[in-house]
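Work through the exercises below with the sequence and the model open. Each task is followed by a solution in steps.

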Amino acid sequence: MAVTEYAIDISNVGFKYPDNEEMSFSGLDLKVPKGERFGLFGPNGAGKTTLMNLMTGVLIADQGSICLLGNEMGKQKNAVNRLFGFVPQDFSLYGELSPVENLEFYGALAGLNKQQIKQRIDELLAVLSLDDVRNKEVRKFSGGMKRRVNLAIGVIHEPAVLFLDEPTVGVDVQTRHAIINYLLELNKNGTTLIYTSHQLSEAEGLCEEVAMIDSGKIIARGNIDQLLAEYKQDDLESLFLNLTGKELRE
Amino acid sequence: MMYKLWATIVKDTRVLLRDKVGISLMFVMPIILVVVVTSIQNSTFQLVSKNRLQILIDNKDTGKNSAQMIKAIGNIGLFKVTEMPKGQTNISDAMHNTDAMLGIVIPANFSQRVAGKAKNVSDKAMTSFGLGDSTKKATEAKDVDPLTLYYNPVLQESMRLSVKGALQSALQMVESRETLRTLYFSINEKQLPEKLENEMLNNRTPINDVPVSKDGTKTTPNATQHNVPAWTIFAMFFVIMSLGGVVVKEKRSGSYIRLKTLPTSYHITLISKQIVYLVVTIIQAAVIFSIGMFLFPYIGLPALNPPSDILALIITTLICGWCAVSYSICVGVYADTQEQSNGFAAVSIVILACVGGLMVPSFAMQGAYKTAASLSPMHWCLEAYYTLFLEGGKLKDILNNLLPLFIITLVIQFVTFLGLKRKNLI
């Protein structure tokens, strides 16, 4: 594995969906240092999910390169995929199975052995307060509990980089606090967080660095305090509206 | 790799076992189908062989030939003959009232016309023998008015044709008898002795029917032997109702996308599903065959006789099951919603069963339907099962059925791969 200071290094990336005439991205550059808590924000249709999919290898860039911890995406897929975790917005878990059974399955696919899986399941269910329902079917869970299981699946293999696509959407305040606190704890232990959300107040508490994206272009990038000072705004939401406008999007 | 595969198999098995509706669709429904269809086919068979079709006769003739015609119809053995109820004049109404499936109207001049026709033939024969008066003109014969056969539209075409054939045979018997009697009288000027008449008319050469099997056995096929293998194939394709939905659900939930971000191969997911559901199809076949062999005799149905080549049966079941599973995954990959998957699945397997010969024998199909049959995996599987169950065939006898089935399965797998690629799922 390569040694690098960047968790993500996107260089001159271009991408176009087969059905679209216009490029979603063209000549995009973005670097996220290791250990950072990085937020990616933008209005609907700005390209956040596409960029997230490119960074996680779900989509392959048409031009340029994306390196994860110095390893180019699309090459040595299995080795690279061990380095990161992905928490999608959808509950990509099996409702018929219990949290333990879901984690056993995803843990095995993430490359852990039986003993490691058992140990991680016990740790995660305890820290995410899912121990009492460890053997109950997930489909009977509330939205907040499902979000926690979704998060546990993404981190079961202790990834160095964690991608989170709206990890707290639709949950109550208590669950949001629990999830954010857990993410901060992970970051403290060295995990790089790459996070996207429409909850900008939440992002202010979680992220150190942010990038605003619109129409496939990064329109602002930097430390939250510096950006607020630069654009003379009080909070991230005002900054967001200032940069992306108040017109309704798709 | 093996641990990942094992974990995926465990996951797929758990998901399957918790899908109660899916399991009932895959097991209970096909079993009900096999039992019901076999019972109905068996009762249809018994309707002809034991119970007999009720036939209502409206005899407007008063002569002896019509009486003999009625007797001849009764002697065929297919029918339970009933005379028109007194006071009833319309045969259609009478059929409704008596639940008779068939009705025959014998015209008023039937005996007279049959006798006239016989006299005409006799005169011509006498002249031809040189025994008659060559100057005398043969008796003019008017055509016999047709008998009219009424039938319930429920009666299938094939059954109606059989009935017509049987009635023609009875009519020919009556006409031949009358001709023989007239000719005898013309030659000997006395009545044909009854004993001689019976010898001449009833001494027919018998026809033996022998099923031709590959192993030389002469077991007579029955409704069970025909239906159980056929509907077992249908049952195996019923996995689509569960598996197709599972694949759609995984796609929609984002599980496939998540799998793309994990250090694993999509092959594991596909192989796991194929293993788990192949086991399901084998269990389905084993359960249905066992019901045919052991339960059917207790519910008044003929028992299923297993084929002599069990290895060939297992191989056929494996390939058929694999094809059914591959088809199910393919439908799941292309369908966008579970409703789409279930709707298409239900209709497509019925169409495949129709063109594959499960509902109409493929040997009776013509032209394009024959070609369509060869594209249905169910057709090749059915041919293989029939060779084993009905003809006593061995593995070598079904290789020409298994090869196309195998090729169709590979084509389905390739189409699935294209779908997964196109939808960016792998």
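The exercises that follow cover chain shape, a helix, the nonpolar cores, a hairpin and the chain contact.

The model is predicted: local features need pLDDT of at least 70, side-chain atom pairs count only at pLDDT 80 or more, and totals for chains, interfaces and linings use all residues. Residues are numbered from 1 along each chain as its sequence is written, and chains are lettered from A and ligands numbered from 1 in the order in which they are written.

**Exercise 1.** Compare the radius of gyration of chain B with that of a compact globule of 426 residues.

Step 1. The radius is taken over C-alpha atoms, and the globule rule is 2.2 Å times the number of residues to the power 0.38.
Step 2. The rule gives a value near 22 Å, but chain B has 31 Å.
Step 3. Along the principal axes, the C-alpha atoms of chain B fill a box of roughly 105 × 50 × 40 Å.

**Exercise 2.** Check the span of helix α9 (residues 223-237) of chain B, and decide how far α9(B) is enclosed.

Step 1. Helices are DSSP runs of H or I with at least four residues, and strands are runs of E with at least two, numbered from the N terminus.
Step 2. The expected span is 1.5 Å times one less than the number of residues; for the 15 residues of α9(B) this is 21 Å, and the end C-alpha atoms are 21 Å apart, which agrees.
Step 3. A residue is buried if 20 or more other C-beta atoms, placed from the backbone, lie within 10 Å of its own, exposed if 12 or fewer, and partly exposed in between.
Step 4. Because 14 of the 15 residues are buried, α9(B) is largely enclosed by the rest of the structure.

**Exercise 3.** Describe the largest nonpolar core.

Step 1. Such a core is a set of buried Ala, Val, Leu, Ile, Met, Phe, Trp, Tyr and Cys residues joined through C-beta atoms within 7 Å.
Step 2. The largest has 146 residues, and F163(A), I194(A) and I233(B) are among those with the most contacts inside it.
Step 3. Helix α13 (residues 310-334) of chain B supplies the largest share of this core, 14 residues.
Step 4. A second, separate core has 27 residues, including I73(B) and A170(B).

**Exercise 4.** In what sense do β9 and β10 of chain A pair?

Step 1. Strands pair if DSSP finds at least two bridges between them.
Step 2. β9(A) (residues 209-214) and β10(A) (residues 217-223) pair in the antiparallel sense over six bridges.
Step 3. D214(A) stands opposite K217(A), and S215(A), in the hairpin of these strands, takes a positive phi near 50°.

**Exercise 5.** Which element gives the most to the side of chain B that touches chain A?

Step 1. With contact set at C-beta atoms, placed from the backbone, within 7 Å, 20 residues of chain B are in contact with 21 residues of chain A.
Step 2. The answer is α1(B), with seven residues.

Definitions and conventions
Contact = placed C-beta atoms within 7 Å.
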